[in-house]
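Me: I am new to this structure and would be grateful for a guided introduction. Please take me through it by question and answer.

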Amino acid sequence: MNFKNLREYLAWLYYQYLLITGIYVLEPWEKSIFNSILFSAIAMVVYTSYVFVPIHVRLALEFFLGIFGGQPESTMAL
């Protein structure tokens, strides 16, 4: 894929984004505000997922291991 095709493909994807979200009818300053808010929200979701999902997965695994027969470390034989 050469550079011209890639540029046309990215322009097509951006056009699809404009159509799907309906922001093609907005003025340029409104588009920039909308895109800034959208980007900020997506960035916050990604960051929060990166920080908190592993903790919740570990806690869920510990919970289900306790329910289904896993022994906690304090009751193991010495």
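The questions below go from the overall fold to individual side chains.

Me: What kind of model is this, and how are residues numbered?
Reply: Residues are numbered from 1 along each chain as its sequence is written, and side-chain values use heavy atoms, leaving out hydrogens and water. Local features need pLDDT of at least 70, side-chain atom pairs count only at pLDDT 80 or more, and totals for chains, interfaces and linings use all residues, since this is a predicted model.

Me: How many helices and strands does the protein chain have?
Reply: Helices (H or I, at least four residues) and strands (E, at least two) are DSSP runs, numbered from the N terminus. On that basis the secondary structure of the protein chain comes to two helices and zero strands.

Me: What distance separates the end C-alpha atoms of helix H2?
Reply: The expected span of a helix is 1.5 Å times one less than its number of residues. Helix H2 covers residues 28-67, which is 40 residues, so it should span 58 Å. The model agrees with this, as the end C-alpha atoms of H2 are apart by 56 Å.

Me: At which residue does H2 have a kink?
Reply: The bend at a residue is the angle between axes fitted to the seven residues ending there and the seven starting there. In H2 a kink of about 35° lies shortly before the proline Pro54, at Phe52.

Me: Which residue with a positive phi follows H1?
Reply: Helix H1 takes in residues 3-21, and its 19 residues reach 27 Å from the first C-alpha to the last, close to the 27 Å expected. The residue that follows H1 has a positive phi, near 80°, and is Gly22.

Me: What percentage of the residues of the protein chain count as buried?
Reply: Buried means under 20% relative accessible area, exposed over 50%, and partly exposed in between (1.4 Å probe, protein chains only). The protein chain has 78 residues, and the share of them that counts as buried is 3%.

Me: How is the pair of Tyr14 and Tyr17 described: stacked, tilted or edge-to-face?
Reply: Rings of Phe, Tyr and Trp (its six-membered ring) pair if their centres lie within 6.5 Å; planes under 30 degrees apart count as stacked, over 60 as edge-to-face and the rest as tilted. The structure holds four aromatic pairs. In one of them, Tyr14 and Tyr17 are 6.0 Å apart centre to centre with 35° between the planes, and the pair is tilted.

Me: Is Tyr17 buried, partly exposed or exposed?
Reply: Tyr14 and Tyr17 both lie in helix H1, three residues apart, about one turn of the helix. Tyr14 has 42% relative accessibility and therefore counts as partly exposed. Tyr17 has a relative accessible area of 24%, so it is partly exposed.

Me: Which residues do ring pairs link into a cluster?
Reply: Phe63 and Phe64 form an edge-to-face pair, 5.2 Å centre to centre and with 70° between the planes. Phe64 is partly exposed, because its relative accessible area is 44%. The cluster linked by ring pairs consists of Phe63, Phe64 and Phe68.

Me: Which side chains meet in a salt bridge?
Reply: A salt bridge is a side-chain nitrogen of Lys or Arg within 4 Å of a carboxyl oxygen of Asp or Glu, and the count comes to one salt bridge.
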